[in-house]
Amino acid sequence: MSSLDRYFSRSLAVVAGAIACVVTAPSRGVASSVSIGADGIDAARLHEEYDLLGRKIGIGQVEIGRPAVFGLDKIPADRAFDPAGVFVGAEPAESEAYLDGHAQGVASVMVSTLKQRRGVAPGAQLYAAGAEFASGADRQARECLATQTVAQQNGNDVRAINFSFGEPLSLDRRRGEAVLDGNALLTLCVDWSANAHNVLYVIAGNQGYGGISIPTDLFNGLTIASSRAIDGVYRQMDPSSLGGAFDGAFAGLVGQEANVGGRRQIGLLAPGRNVALVNAWGEIYESTGTSFAAPHVAATVALLQEYGDRQIAAGEWDLDARRHEVMRAVLLNSADKLADRGDGMTLGMTRDVKDKDGRVWTESDAFNDRAIPLQDDIGAGHLNAYRAYRQFAAGRSRADSEANAIGWDYGSISGTDSSSVRDYPIAEPLKAGSFFSATLSWTRQVELLDANGNGTFDEGEDFRSGELDDLDLYLLPAESDRLEDAVWSSESRIDSLEHIFRTVPETGRYKLRVVGARVDGTPAYALAWWGAAVD
């Protein structure tokens, strides 16, 4: 078997630590970009109408293997894309080393320039690493080294990193009875790196019982489930995704396939069923899996960040627009939940998004319980790149000053008394019966136990997490300071985010209030909101 034959055949294999996928035969005649169009994530509109391609934005990819590069590897000259850099572990990749068809397909979702199958961000700079394993090696430590290497590329300016692989709990040898509690080495590593390198980590959700669940239990990023198309529109969780709901006969899977303690795992849905991919020969084929849902989200960050950098260059915004917490809040808050009837009452959303049982978000426990910010299967809803752009482009409004009906902020809070709250009064009255959406995101602090003091992770070192700060979010009448007057609130004690999606009871002025229920120091947060103002 030739090296290229071996390279493509790995797309058909399920290897320990890689997300499973189903692949169909390639064809040069297929032309399909449905997943990035209006029936998918609506990213093509940003290409065509706003000239956003992710230019000069660094994004990353970490997997078991890596995609190919012309000139380094023996691939055709008429390829669909070239990564800006490829690595094996912490070192630049050698010719033909760790080539992987699965990694190539994932990369094509992000940066393919092929006319027949364009990627989400064809102008982005992609840096990709395959983890390097040796006999007896600590797999998670090697994966952390590869992750750190990618995060340091592009002049230490990589905005999002995609994981379309994971580690099974059975290989977590550092812990006896390992569970999904956020304390695996690789999970601690990505949570540390998110803050240390200012990167949004996007993780493919678990798929297949007994599968690849680490680091789906991260705090400082997003875990993505796969959607399938119904009547041509991606809008329901695909059966290949496990989601996060395990009860009844499946309750024993909590901790093995879903987070312990009730902490929600899934952040967003993105297209994962029958997604068009491009191999090293420029051939298009289809595959299914959370592996291909996650890169839709990671690459959307590049589109948003290209816009953000334009605003920074023009002197309109500052560097806070690059914060990973801001990207997390913007993506979650702009997700589709309920199709708008054209009157703006559901904020221009494009589809009814359903869980595996066909229920919409307003039928979920997250809608009815203030302590639960996200729905088990669909998180905050379905990725919509165009709505994410609108959310981000609305601009920043700072705490304690009047805010537009749509906006975001990056701020901080200290203490837990009433004087330390942060208020965001909405300047315009909101329509009675319209939905209001708001998302609050902050960071779990993870410390690198840096034995040699060089400021980077080295094999044999470890991490330590502190107590998670607890922030709450309230939607109040503008004139009230009584939390009991809240229209709704989000008050999770175990998550690093809060989310509100409720109807406004009567036309009038409202405000958002951020409260530090339990904080250590002065934690930073990002807040995004979207309301329907009176015309």
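A disulfide is a pair of cysteine sulfur atoms within 2.5 Å. The model is predicted: local features need pLDDT of at least 70, side-chain atom pairs count only at pLDDT 80 or more, and totals for chains, interfaces and linings use all residues. Residues are numbered from 1 along each chain as its sequence is written, and side-chain values use heavy atoms, with hydrogens and water left out.

**Exercise 1. How many disulfides does the rule give, and which parts does the pair tie together?**

Step 1. Apply the rule. The count is 1 disulfide.

Step 2. Find the pair. Cys144 and Cys189 form the link, with their sulfur atoms 2.2 Å apart.

Step 3. Read the hand. The angle about the S-S bond is 85 degrees, and the link of Cys144 and Cys189 is right-handed.

Step 4. Cys144 lies in helix 4 (residues 139-151) and Cys189 in helix 6 (residues 185-196), so the pair ties together parts 45 residues apart in sequence. Helices here are DSSP runs of H or I with at least four residues, strands are E runs of at least two, and both are numbered from the N terminus.

Step 5. Check burial. Cys144 and Cys189 are both buried (under 20% relative accessible area, with a 1.4 Å probe and protein chains only).

**Exercise 2. In what order do the 4 strands of the open sheet stand?**

Step 1. Set the rule. Two strands pair if DSSP finds at least two bridges between them.

Step 2. Read the order. It is 14-21-18-19, with antiparallel pairing.

Step 3. Name the edges. Strand 14 (422-425) and strand 19 (488-490) each pair on one side only.

Step 4. Look at one pairing. Strand 18 (residues 470-477) and strand 19 are joined by 3 bridges. Tyr474 has Ser489 of strand 19 as its bridge partner.

**Exercise 3. Which residues lie nearest the centre of the largest cavity?**

Step 1. Define the space. On a 1 Å grid over the protein atoms alone, a cavity is a set of points where a 1.4 Å probe fits but cannot get out; lining residues have an atom within 4 Å of a point. Grid points are joined across faces, edges and corners, and a volume is the space filled by probe spheres set on the points.

Step 2. Search. The whole structure holds 3 cavities of 30 Å³ or more. The largest has a volume of about 130 Å³.

Step 3. List the lining. Of its 16 residues, Leu218, Arg264, Gln265, Arg328 and Leu497 lie nearest the centre.

Step 4. Find the main contributor. Strand 8 (residues 221-230) gives the most to this cavity's lining, with 3 residues.

Definitions and conventions:
1 Å grid on protein atoms, 1.4 Å probe; cavity = no way out; pocket = protein on both sides within 12 Å on 5 of 7 lines; lining within 4 Å. Buried < 20%, exposed > 50% of the residue type's maximum accessible area, 1.4 Å probe, protein only.
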